[in-house]
Amino acid sequence: MEFLRNTLSMIPLLASGIPMVLNLTFYSLILAVVVGLVLSLVRIAHIPFLNQAVVVIVEFLRGTPLLVQLVYIYYVFPNIGIHIDPIASGILGLGLNYAAYVSEVFRSSINSIDRGQMEAALSLGYTPPRAMAKIIIPQSLRVSVPPLGNYVISMVKDTALTSVIAVTEILKQANVVATTTFQVTEAYTAAAIIYLAISLPLSGLVKLAEWRVNRNVAK
């Protein structure tokens with residue numbers, strides 16, 4: 001009973017890290033979507049040199065741990081004269097890492113659209129870039145919704161990794177509380193409850209979005 005009481009008493013204090021988690025997720029998601037879309041379009045365009053460069057970038061970002069990337073950006077970049085504050089480092093690390101995965105989502109969803117759509121658009125006088133922007137990409141976004149939604153939920157949980165680069169979010173708050181009170185189990189249990197409280201509603205929103213997309217497609 002005392003364990004439960006102590007755990008619940010810590011939740012309001014740790015919850016002060018929620019705005020930071022949401023900010024990291026929001027800005028990292030924007031970066032991931034923009035960069036991911038650009039990377040996917042370069043690969044689809046099959047531009048000789050750029051295509052190979054993008055493949056290397058994507059495989060590097062997917063093949064190395066996010067934690068290592070965050071540490072590298074925050075601790076190694078200053079050695080070459082690039083100083084980035086903790087929050088910006090977190091956004092950059094999360095955004096670029098997820099951009100690699102998002103690019104594959106966009107690439108596969110764009111490739112899933114019937115080639116006849118592009119041919120029809122070109123026959124109507126559309127240029128290839130305009131056809132891609134007006135016809136192909138809007139349709140592919142419907143296919144992208146479920147995996148993108150899952151990545152958003154994963155990103156929320158991965159914001160905990162930014163605690164190692166001095167970002168004061170939920171896990172960082174839990175570390176401080178655990179150190180000062182010596183109630184380690186209670187502090188990290190409270191942190192887990194908060195992450196769960198954020199992730200479950202997001203999971204419901206993703207399922208709702210997927211249902212709406214499927215319903216619109218069925219029409």
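1. Val 34 lies in helix H2. Helices here are DSSP runs of H or I with at least four residues, numbered from the N terminus. Val 34 counts as partly exposed because its relative accessibility is 49%. The cut-offs are under 20% relative accessible area for buried, over 50% for exposed, and partly exposed in between, using a 1.4 Å probe and protein chains only.

2. A word on the basis. This is a predicted model, in which local features need pLDDT of at least 70 and side-chain atom pairs count only at pLDDT 80 or more, while totals for chains, interfaces and linings use all residues. Residues are numbered from 1 along each chain as its sequence is written, and side-chain values use heavy atoms, without hydrogens or water.

3. Val 34 also belongs to a nonpolar surface patch of about 480 Å², together with Phe 26, Tyr 27, Ile 30 and Val 38. Patch residues have over 30% relative accessible area and no salt bridge; nonpolar side chains (Val, Leu, Ile, Met, Phe, Trp, Tyr) are joined within 5 Å, like charges within 9 Å. A salt bridge is a Lys or Arg side-chain nitrogen within 4 Å of an Asp or Glu carboxyl oxygen. Areas come from the Shrake-Rupley method with a 1.4 Å probe; for residues, only the protein chains shown count as cover.

4. Thr 25 is in H2 too, which spans residues 18-45. Thr 25 counts as buried because its relative accessibility is 8%. Its side chain reaches the backbone oxygen of Val 21 at 2.8 Å. Beyond residues up to four places away in sequence, Thr 25 touches Val 152, Met 155, Val 156 and Thr 159. Contact means heavy atoms within 4.5 Å.

5. The largest nonpolar core has 16 residues; Leu 24, Ala 32, Leu 94 and Tyr 98 touch the most other members. H2, H4 (66-76), H5 (86-111) and H7 (128-158) each supply at least two residues of this core. H5 gives the largest share, seven residues. A core is a set of buried Ala, Val, Leu, Ile, Met, Phe, Trp, Tyr and Cys residues joined through side-chain atoms within 4.5 Å.

6. Ala 32 touches Gly 95, Tyr 98, Ala 99, Val 102 and Met 155, leaving out residues up to four places away in sequence. A second, separate core holds 15 residues, including Leu 14, Val 21, Ala 191 and Ile 198.

7. Ser 89 sits in helix H5. Ser 89 is buried, with a relative accessible area of 0%. Neighbours within four places aside, Ser 89 contacts Leu 70, Ile 73, Tyr 74, Ile 84 and Ile 165.

Notes
Polar contact = N/O pair within 3.5 Å; in protein donor to acceptor, adjacent residues only side chain to side chain.
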